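Thanks for asking me to look through this one with you. Here are my notes, in numbered points, to read with the structure open beside you.

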Amino acid sequence: MPIVAQSTETTDWVSRFADEVIEESERRAPGKPVVVASGLSPSGPIHLGNLREVMTPHLVADEIRRRGYQVRHLISWDDYDRYRKVPAGVPGVDETWAEHIGKPLTSVPAPKGSAYPNWAEHFKAAMVESLAELGVEFDGISQTQQYTSGVYREQILHAMRHRGDIDAILAQYRTKKAPAKKQQQKPVDEAELEAAEGSGAAAEDDGSSGSAGYFPYKPYCGNCEKDLTTVTSYDDDSTELTYSCTSCGFSETVRLNEFNRGKLVWKVDWPMRWAYEGVIFEPSGVDHSSPGSSFQVGGQIVGIFGGKQPIGPMYAFVGISGMAKMSSSKGGVPTPADALKIMEPQLLRWLYARRRPNQSFKVAFDQEIQRLYDEWDRLEAKVADGSALPADVAAHSRAVRTASGELPRTPRPLPYRTLASVADITAGHEDQALRILSDLDPANPLASLDEARPRYDKAEAWINTHVPADQRTIVRDEPDTELLKTLDEQARESLRLLLDGLADNWSLDGLTHLVYGVPKVQAGFSADATPKELPPEIKTAQRSFFALLYQLLVSRDTGPRLPTLLLAVGQDRVRHLLGA
């Protein structure tokens with residue numbers, strides 16, 4: 001029996017949708033598994049905007065599973081869509097791929113050097129791997145397999161018999177399009193990533209072209225494989241269909257009741273699948289809110305196939321910060337795999353779980369990732385001590401586990417910004433990284449760097465791929481004697497106070513107390529004095545002291561957090577560089 005009792009997680013958006021979906025599923029298909037769906041087009045790299053198309057139903061499906069119901073999360077791979085254009089910046093692809101425009105994605109060669117048999121499989125594979133790392137369970141459906149094996153034959157014949165009804169629905173929304181306005185291109189790091197309508201099929205015609213009338217079916221040419229075809233005649237009784245290809249001039253007559261080389265046009269294909277699969281829940285991008293969009297029109301066409309439109313929220317854009325610095329993408333938009341190189345799956349899941357679908361958010365590839373990790377670690381601490389709000393507890397729970405169990409996690413989750421600084425300073429020397437990280441808490445040192453993995457590896461990848469060379473930290477080899485000679489007595493005293501306290505404060509907490517305390521002591525206050533007990537000028541003195549240390553250690557005014565930097569440099573070298 002389903003477990004209907006709910007926990008404190010009922011306050012979050014996921015639980016509210018789960019309530020609606022369970023109720024609707026029991027009304028439409030009592031006793032059957034709940035069906036939620038996503039659609040992805042492997043027409044190129046599948047980006048983080050598309051991931052919202054998957055994570056929204058995944059989170060709802062997972063909540064329903066937690067309550068003891070059977071759920072199917074379908075991901076329809078729209079790999080039988082036409083190849084529309086050659087995407088820019090894809091390694092192993094050149095202008096010769098333009099000759100394949102119009103073919104099914106599964107008939108287009110994979111990029112040079114790929115281990116996969118075709119274009120669709122190449123880009124699908126990366127997404128499948130990322131979804132596995134994110135803990136997303138799904139049933140994948142290849143639309144190439146569905147169409148070419150004849151699974152949808154009855155649905156196609158039904159659509160052709162009812163083409164007049166479909167045409168009448170579509171006619172309500174057909175208007176002359178105004179000339180497109182030129183828009184200034186956003187830089188990639190400011191751009192919003194959205195899933196194109198109909199999994200990349202927004203530009204597909206609705207089947208209305210052709211002097212022989214409306215047909216909701218598009219054959220792929222038997223000669224050149226392209227969909228640049230026009231149906232010139234069709235007989236409902238015999239199912240004989242004649243088409244001609246405007247690309248190569250080929251034409252032929254086939255029997256549609258045994259012909260498997262074509263597909264329903266997108267605005268008919270999508271609602272057909274809702275009915276065929278019995279989909280209860282499927283979200284869609286904000287582009288579907290406009291009149292005549294696929295979701296809106298599909299809500300009327302689905303009735304022709306005897307089905308109902310799914311429940312489904314419109315989801316907002318996903319933004320990116322810092323993408324312009326990303327060396328590996330060569331100007332492309334970031335994918336889930338790109339994000340998972342620099343962040344643990346729990347953090348990426350949390351970004352999608354904590355915001356309602358209609359709220360936009362950004363995935364950080366710049367310094368903002370450090371702030372996000374700080375926020376995540378504070379949430380973990382609050383959840384552990386019971387002080388977190390119920391909605392935050394729910395988002396955390398959905399980030400760290402699924403109905404199948406906990407996601408793998410870092411045994412010792414040290415602060416991300418600290419790990420990044422250590423990876424930056426040590427430049428790949430793991431023995432040095434282990435030494436520094438062990439000094440963070442001398443009473444409980446790391447036995448192995450593996451205890452800090454995979455978070456350490458993610459932070460190291462971020463440093464190596466997203467921090468420009470001129471912002472990397474390079475510790476001086478020799479003291480800056482010229483600068484040391486110019487210091488006044490107060491600056492020299494501040495260095496003496498720091499050096500005198502190094503040995504007794506050689507830990508992350510100890511050094512933090514020391515570097516903030518030196519300017520306090522110089523001003524006549526206790527090193528333990530709180531900000532409320534201190535005059536405003538102490539902050540100015542602290543900033544000046546920090547800038548001096550950075551100049552003497554790394555020849556810059558800023559750098560990694562000073563306690564981490566001091567640990568990384570080591571006591572002997574710090575003394576040498578500070579003129580001891």
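1. Start with strands β1 and β2, which run parallel and are joined by 7 bridges. To find the place on screen, look for Val34, which stands opposite Val71 in β2. Please keep in mind that you are looking at a predicted model.

2. How does the chain get from β1 to β2? Helix α2 (residues 48-66) belongs to the unit with these two strands, and this β-α-β unit is right-handed.

3. Now stay with β1 for a moment: is this strand buried or exposed? All 7 of the 7 residues of β1 (residues 34-40) are buried, so the strand is largely enclosed by the rest of the structure. Both of its faces are covered: Val34, Val36, Ser38 and Leu40 lie on one side, with Val35, Ala37 and Gly39 on the other.

4. Strand β2 (residues 71-77) has another partner, β3 (residues 139-142), and this pair is also parallel, with 4 bridges.

5. The loop between β2 and α3 holds Leu105. Why does Leu105 count as buried? Its relative accessibility is 0%, and buried means under 20%. Leaving aside residues up to four places away in sequence, Leu105 touches several others, among them Ser41, Pro42, Asp78, Tyr83 and Trp119. Leu105 and Glu121 are 16 residues apart in sequence, and their C-alpha atoms are 8.8 Å apart in space.

6. Finally, zoom out to the whole protein. It has 22 helices and 15 strands, and of its 580 residues 51% count as buried. The C-alpha trace spans about 100 × 55 × 45 Å along its principal axes. Among contacts with a separation of 6 or more, 72% are between residues 24 or more positions apart.

7. The accessible surface is about 25,900 Å², with 50% of it belonging to carbon and sulfur atoms.

Conventions. Residues numbered from 1 in each chain as written. Predicted model: local features only at pLDDT ≥ 70, side-chain atom pairs only at ≥ 80, totals over all residues. Heavy atoms only, no water. Buried < 20%, exposed > 50% of the residue type's maximum accessible area, 1.4 Å probe, protein only. Contact = heavy atoms within 4.5 Å. Areas by Shrake-Rupley, 256 points an atom, 1.4 Å probe, with all protein chains shown as cover. Pairing = 2+ DSSP bridges. Right-handed = clockwise from strand over helix to strand, strands pointing away.
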